Amino acid sequence: MVILKSVDMRYVAMGVSLVVAVLMLLGKMAAYWLTGSYAILSDAAESVVHLLATGFAAFSLWYSTQLPDRLHPYGHGKIAYFSAGFEGALIGAAALSVFYLAGHSLVYGVVLGPLGAGLLITFVLAVINALLGSFLVFVGKRYHSIVLVANGKNVLSDMWTSFGVVLGVGLVWLTGWKWLDPLVALIMACNISITAYGLLKKASQGLLDRACPENTVLLQKCLDEQIQSGCIKSYHQLRHRQAENKLWIEFHALVDRSLSVEEAHRRITVAESAMRSLFPDFQVYITSHMEPGDHKGAHPLEYDEGVDALVADEDRCNLK
Ligand SMILES: [Zn+2]
Ligand SMILES: [Zn+2]
């Protein structure tokens, strides 16, 4: 019953977020149409992206939790990186178009309509976003949903953009300095570009299986301890990669050649358990390859293990 309730709440929150995202986009486009303000347009451009991002987040929430299947034996977690890259590219394109429009109007003159109604709409939408963002972060934290918390933070950053625009356009309204409007739009576009860069970086790191350096240090330290305790003789070809909350680790372990298969398996399982306990918040999958005796003797010379990327340079020389 508790589980049912929590699942319902997450999807309800996601649904509310989607509906409000549509409302935001329509409201901001209306405000731009009324005022002709590029600062408000930059805010609307962010809303287009936010709507798509929320749609993708809702899809990811469902898709990333699908169990591994015959065609996706590593599961579906990478969809999150794919969606981050998609969002990043869209936000980048939105920022570029605002740069162009605002730059153009700075050079060739600013044309603005009456600002009052558009300002009021933008302000009301920002207040709605403040309430929605806080609600999403609250529900996300309560039910441990990373996707919901991220979506809530996204809504809150959208809110700050809107308040910034209200401030900027409000100043234009008070002072009559029209050139302030494209200037505010350019500042907003810089901010949007930073968000785009962050998303593209996250996507490329996830899709290219970047090995988190902190995890490399943890794993090497753990395996070194297994050598010191006499559990294994040595290790190499350590590799690890992650998708959201799943972590895959592989390594080759050298054990004494006089051990029985049972004892060798037991020892490597001890090493694997020690590695697994380093990451209590992850689902950890470990694959190991056992080699008897010393590395040179374990394989005939023509056996190609590939590049051992995580080994220190001096050790790599010793292996050859
Ligand atoms: Zn090996
Ligand atoms: Zn086993």
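This is a predicted model: local features need pLDDT of at least 70, side-chain atom pairs count only at pLDDT 80 or more; totals for chains, interfaces and linings use all residues.
**Notebook: a hairpin, a helix and a greasy patch**

I began with the strands: strand 1 (residues 234-243) and strand 2 (residues 246-255) pair in the antiparallel sense, over eight bridges.

Next I picked one residue of the pairing, Ser-234, and looked for what stands opposite. Leu-254 in strand 2 turned up there. Strand 1 and strand 2 form a hairpin, with two residues between them. Glu-244 sits in the turn and has a positive phi of about 50°.

On to helix 2, which covers residues 38-63, 26 residues in total. I looked up the span from its first C-alpha to its last and got 37 Å, close to the 38 Å expected at 1.5 Å a residue. Is helix 2 mostly covered or mostly uncovered? I found 19 of the 26 residues buried, so I wrote "mostly covered".

Last stop, the surface. I found a nonpolar patch made of Leu-106, Val-107, Tyr-108, Trp-177, Trp-179 and Leu-183. Together they have about 690 Å² of accessible area. Which helix gives the most to the patch? My notes say helix 3 (residues 79-108), with three residues.

I zoomed in on Leu-106, which has its place in helix 3. Why does Leu-106 count as partly exposed? Its relative accessibility is 38%, and partly exposed is what lies between the buried cut-off of under 20% and the exposed cut-off of over 50%.

Note on methods:
Residues are numbered from 1 along each chain as its sequence is written. Chains are lettered from A and ligands numbered from 1 in the order in which they are written. Side-chain values use heavy atoms; hydrogens and water are left out. Patches are made of residues with over 30% relative accessible area and no salt bridge: like charges are joined within 9 Å, nonpolar side chains (Val, Leu, Ile, Met, Phe, Trp, Tyr) within 5 Å. Accessible areas come from the Shrake-Rupley method with a 1.4 Å probe; for residues, only the protein chains shown count as cover. A salt bridge is a side-chain nitrogen of Lys or Arg within 4 Å of a carboxyl oxygen of Asp or Glu. Helices (H or I, at least four residues) and strands (E, at least two) are DSSP runs, numbered from the N terminus. Buried means under 20% relative accessible area, exposed over 50%, partly exposed in between (1.4 Å probe, protein chains only). The expected span of a helix is 1.5 Å times one less than its number of residues. Two strands pair if DSSP finds at least two bridges between them.
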